[in-house]
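I opened a notebook page for this structure. My entries follow in the order I looked things up.

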Amino acid sequence: MAATTTLGFVLPTGVSRRRGGFRVSLIRCSASPLTNSTASGLVEKPWDSYNARLVLEDGSIWPAKSFGAPGTRVAELVFNTSLTGYQEILTDPSYAGQFVLMTNPQIGNTGVNLDDEESEQCFLAGLVIRSLSISTSNWRCTKTLADYLTQRNLMGVYDLDTRAITRRLREEGSLNGVLSTEQTKTDEELLQMSRSWDIVGIDLISDVSCKFPYEWVDKTDPEWDFNSNSRDGETYRVVAYDFGIKHNILRRLSSYGCQINVVPSTFPASEALKMNPDGILFSNGPGDPSAVPYAVETVKELLGKAPVYGICMGHQLLGQALGGKTFKMKFGHHGGNHPVRNNRTGQVEISAQNHNYAVDPASLPGGVEVTHVNLNDGSCAGLSYPAMNVMSLQYHPEASPGPHDSDNAFKEFIELMKRSKQSS
């Protein structure tokens, strides 16, 4: 059969026909005749090959295409329902030890830029997506997502059925898995790796915390500061324990008038009190709060010495320090669209969340109030203990990425410190 060529494709003749007034052609893709690959005997495929695998501990194997760094890595797989903000997710230290699967089908449209970093590096183990955007369209973009992952030595895979994997995680719970581009490793070897590793009981905070104290001075850029009219102009000294803190949490505190000293997770409570703080922040962070008993002891030592505010991991550590228990959730909360009810006001906030553990409200002693409840599953999303000037949230009030419904929580912390100063 004779053939004609156009735009680098071979079009077999005799297969065109009209249907409904339109000409329909069956196209067989092959290497362009304009190249010399045919003459050399090599035919170059016009698409990426499946050169990677995601192997989960339940025995399922998902062929994938690699972008970013090559290699083999083991981690816990969780899904995130955020529609955007993949760069903030990549740089959120709370994802240490995890692969993140994005439920939004297309990722990479806006590229990456330095302004959206939540920490100095990427801590998650890999990114799993359905479709990698072939182009970027954003005036702030400085590089593509694929180039960014390669430079950060971070694995990424695409062209998987992320909807099917998400359903599996919702039914079975979070699963350990292995990402690999190494063809020399068998499926059985990767499966054994996934089943012989466990994230429970591992101290992940030590690797993401700062090593030395430092002062944070950056405020929220005026272009993004939407709540500047609710501040009283006072200055408050805050010691922020870094369990994996995000930059935008620090920016929001600074914008509300706080002078912030960030300290490592192992910083002694006695040294923190020498800084004469008006308040103490216990930040977000990755992993199991029961795996860091030293952090729980630090929280216990500081309770009642100054007003405290716990966010995410800090909330869980406060729950344990107050005498409560924490537990591992089935598949956790990861995304920018979780509804939370404020029990004090009855208002509902759409919140940004990222955690696999929660505080058991039934284990809390008398006097501790559950202030917020996740409306998806009824889990504890906030605590208050007025006797010791304690407040906490299970989610991320700075919401990067996510909506800004919960930003007033920073103002509540300011009010808590203000009342404490006036009564002392």
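I began at Val348, which sits in strand E20 (residues 348-360). Helices (H or I, at least four residues) and strands (E, at least two) are DSSP runs, numbered from the N terminus. Val348 is partly exposed, at 46% relative accessible area. I use buried for under 20%, exposed for over 50%, and partly exposed in between (1.4 Å probe, protein chains only). With Ile350 and Leu375, Val348 forms a nonpolar surface patch of about 220 Å² accessible area together. Such a patch takes residues with over 30% relative accessible area and no salt bridge, with nonpolar side chains (Val, Leu, Ile, Met, Phe, Trp, Tyr) joined within 5 Å. A salt bridge is a side-chain nitrogen of Lys or Arg within 4 Å of a carboxyl oxygen of Asp or Glu. Areas come from the Shrake-Rupley method with a 1.4 Å probe.

**Ground rules.** I noted that this is a predicted model: local features need pLDDT of at least 70, side-chain atom pairs need 80 or more, and totals for chains, interfaces and linings use all residues. Numbering starts from 1 along each chain as its sequence is written, and side-chain values use heavy atoms, without hydrogens or water.

I looked up the largest pocket and found a volume of about 810 Å³. A pocket here is an open set of points on a 1 Å grid where a 1.4 Å probe fits, with protein on both sides within 12 Å along at least five of seven lines; lining residues have an atom within 4 Å of a point. The volume is the space filled by probe spheres set on the points. Which residues lie nearest the centre of the largest pocket? They are Glu88, Asp116, Arg140, Trp224 and Asn248, out of 32 lining residues. Helix H1 (86-90) and helix H6 (247-255) each give the lining at least two residues. By class I noted seven nonpolar, twelve polar and 13 charged residues in that lining. Asp, Glu, Lys and Arg count as charged; Ala, Val, Leu, Ile, Met, Phe, Trp, Tyr, Cys and Pro as nonpolar; the others, Gly among them, as polar.

**Helix H9.** Is helix H9 (residues 313-321) mostly covered or mostly open, and how many of its residues are buried? It is mostly covered, with nine of nine buried. Among them are Met313, His315 and Leu318. Gly323 follows H9 and has a positive phi, near 105 degrees.

**Backbone.** Asn153 has a positive phi near 55 degrees and is partly exposed at 48%. The peptide bond from Ser400 to Pro401 is cis, with omega near 5 degrees.

Terms used: Patches are made of residues with over 30% relative accessible area and no salt bridge: like charges are joined within 9 Å, nonpolar side chains (Val, Leu, Ile, Met, Phe, Trp, Tyr) within 5 Å.
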